[in-house]
Amino acid sequence: DNELKALADAVNAARAPWSAAPLVPGASSGGPTVQVADPAKRSRTVGSWQAADAATVERALANAVAAQPQWDRLPAASRAAILEHAADLLEQRRGEFIALAVREAGKTIPAAIAEVREAADFCRYYAAMARKLFAHPEQLPGPTGESNQLFLNGRGVFVCISPWNFPLAIFMGQVTAALVAGNSVIAKPAEQTTLIAYQATKLLREAGVPEAVLQLLPGDGATVGAALTRDPRVAGVAFTGSTETAWAINRALAARNAPIAALIAETGGQNALIADSSALPEQLVKDAIASAFDSAGQRCSAARVLFVQDDIADKVIAMLAGAMDELKVGDPGLLSTDIGPVIDADACSVLAAHAERMRGEAKLIKEVALPAECAEGTFFAPRAYEIPSLDVLKREVFGPVLHVIRWKASELDRVIDAINATGYGLTLGIHSRIDATVEHIQKRVRAGNCYVNRNQIGAVVGVQPFGGEGLSGTGPKAGGPHYLLRFATERTLTINTTAAGGNASLLTLGE
Ligand code: UN1
């Protein structure tokens, strides 16, 4: 608790303003400067950054192409050691990253602490995976007189396009995976969280990543992002964000007369939580609140729809309303705050438009009162609605809004069909103490991450590999054992080892 208090003091004493600019060796020009305001208090400046212009994007691509082969030829263990060093540096300097996550992204202090921990976990996990998968070629069986080996190499230039909702963890996860697999990386972070991405890039370079191997291009998707994804030199893109943006990236990559690029997309969800009449109401309400409102609901994993069986629905809805009364919305720099602001004014208006639509279609269960000081920031009052069916929700609502739907025992399969019909498949929560029901639901609902009798957010690296199916993404799962493989090309080497063709010294290739 003292440690938490010290971190909170550090956040509030942090050295704003921060600044950022493109990190591209040899680039001389630059684009416009963008001011960053604190989402909790728009009059408070967090810093400013300079966007990349077209010449800087071109320079970054040329640098990345030139630098990649040498980086790829390094032993995987050397790249892994750099990631491990970066994890240590992150932990030593976590105060500054926590302050940035709070001030630039509006994260609460506990969420910002978790963010730094997750970023360090990604570094260490992908380092360990690279040592296992990339360090030595796999010896494959073959006929006598022949040696067969399988090598993994980087694909080339990888573009990493990261979101503002996990501005450090997902940024570091994408970038370190691409790097350790032997790619050079051009990172294009969400505009809203450029400052923290800049500090993370500098930290990785300090840990030992050469400057041309990891470059940062601040800017918007329409100019910087689009310039990257239409370029034939790009061999792969790792993207986390909306399904709509993933489609646009996919189309841009497909339109190139260029090598077929790898796309790793982690996108939205319309995540359900199904509770049957055997659920424990206290635990259900606690987990539903965490899943729906933590990080102001700005997680792709967040629970959006609670399907509650009619026998317990009245009780659960009453408890939910009561528990929401206890939620404190406010400055994320205060330890007493449960829910901070949403990311920006655009997010507020999208949510306000949803609330307007819900007026005619839903019954308001509860809207949390906002304290007066929230008027200074981009806050959205957390709320819960009862809705008649999923048809009312046309698209993902990315904010602190939970929708509740009642169901009868005979309707379970219709609930399951409705969830699958959304086309998304990210997280699923189940609250039930009947094993057969849990199994029935889990086997039928399409969802990448299913959680039973607990909350459905906060997947732990290496423990709950994270990612969905369908409209929710391509896989492989981040923080899982197969993620790095998608960043790599596979090459086989077959050598005739008989006396006629043999050259024994070739057998040490790749060692
Ligand atoms: C996202 O919100 O973009 O499990 C993905 C979780 C997080 C979700 C990250 N790993 O809540």
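A residue is called buried if 20 or more other C-beta atoms lie within 10 Å of its own, exposed if 12 or fewer, and partly exposed in between, with C-beta atoms placed from the backbone. Helices (H or I, at least four residues) and strands (E, at least two) are DSSP runs, numbered from the N terminus. The model is a predicted one, in which local features need pLDDT of at least 70 and side-chain atom pairs count only at pLDDT 80 or more, while totals for chains, interfaces and linings use all residues. Residue numbers start from 1 along each chain as its sequence is written.

**Helix α13**

- Helix α13 spans residues 412–421, and Val415, Ile416 and Ile419 are buried in it.
- Viewed down the axis of α13, the buried residues fall within an arc of 100 degrees (the arc of the directions from the helix axis to the C-beta atoms), so they line one face of the helix.
- An α-helix has 3.6 residues a turn, so residues three or four places apart point the same way.
- Asp413, Arg414 and Ala421 lie on the other side of α13 and are exposed.
- The packing partners of the buried α13 residues are β11 (272–275), β12 (305–309), β15 and α14 (435–444); contact here requires C-beta atoms, placed from the backbone, within 7 Å.

**The seven-stranded sheet**

- An open sheet is formed by seven strands in the order β13-β14-β15-β12-β11-β16-β17, with mixed pairing; two strands pair if DSSP finds at least two bridges between them.
- The edges are held by β13 (363–367) and β17 (449–452), each with a single partner strand, so one side of each has no neighbour in the sheet.
- Direction ignored, neighbouring strands of this sheet are turned by 20 degrees against each other on average; axes are lines fitted to C-alpha atoms, for helices over the stretch in contact, and angles run from 0 to 180 degrees between N-to-C directions.
- Strands of a sheet pair through backbone hydrogen bonds, either parallel or antiparallel.

**Strand pairing within the sheet**

- Strands β14 (residues 383–386) and β15 (residues 401–407) pair in the parallel sense over four bridges.
- Arginine 383 has valine 401 of β15 as its bridge partner, and tyrosine 385 stands opposite histidine 403 in β15.
- Five bridges link β12 and β15 in the parallel sense, and glutamine 309 stands opposite tryptophan 407 in β15.
- β11 and β12 pair in the parallel sense over four bridges; alanine 275 has valine 308 as its bridge partner in β12.
- β11 also runs parallel to β16, joined by four bridges, and the partner of alanine 275 in β16 is histidine 431.
- β16 and β17 are parallel over four bridges, with glycine 429 opposite tyrosine 451 in β17.

**Burial of the strands**

- Five of the five residues of β12 are buried, so this strand is largely enclosed by the rest of the structure.
- Val305, Phe307 and Gln309 point one way from β12 and Leu306 and Val308 the other way, and all are buried.
- In β15, five of the seven residues are buried, so that strand too is largely enclosed by the rest of the structure.
- Strand β16 (residues 427–431) is mostly covered, five of its five residues being buried.
- Both faces of β16 are covered, by burial of Thr427, Gly429 and His431 on one side and of Leu428 and Ile430 on the other.

**Backbone features in loops**

- Most residues other than glycine have a negative phi, and most peptide bonds are trans.
- Serine 295, in the loop between α10 (281–293) and β12, has a positive phi of about 55 degrees although it is not a glycine.
- Serine 295 counts as buried because it has 26 C-beta neighbours inside 10 Å.
- Alanine 296, found in the loop between α10 and β12, has a positive phi of about 50 degrees although it is not a glycine.
- Alanine 296 counts as buried because it has 32 C-beta neighbours inside 10 Å.
- The peptide bond from glycine 475 to proline 476 is cis, with omega near -5 degrees, and proline 476 is in the loop between β17 and β18 (488–496).

**Ligand surroundings**

- The residues around the ligand are Pro163, Asn165, Phe166, Thr240, Arg299, Cys300, Ser301, Ile457, Gly458, Ala459 and Phe466; a residue is near a molecule or strand if its C-beta atom, placed from the backbone, lies within 6 Å of it.
- This shell has six nonpolar, four polar and one charged residues, where Ala, Val, Leu, Ile, Met, Phe, Trp, Tyr, Cys and Pro count as nonpolar, Asp, Glu, Lys and Arg as charged, and the others, Gly among them, as polar.

Notes: Two residues are in contact if their C-beta atoms, placed from the backbone, lie within 7 Å.
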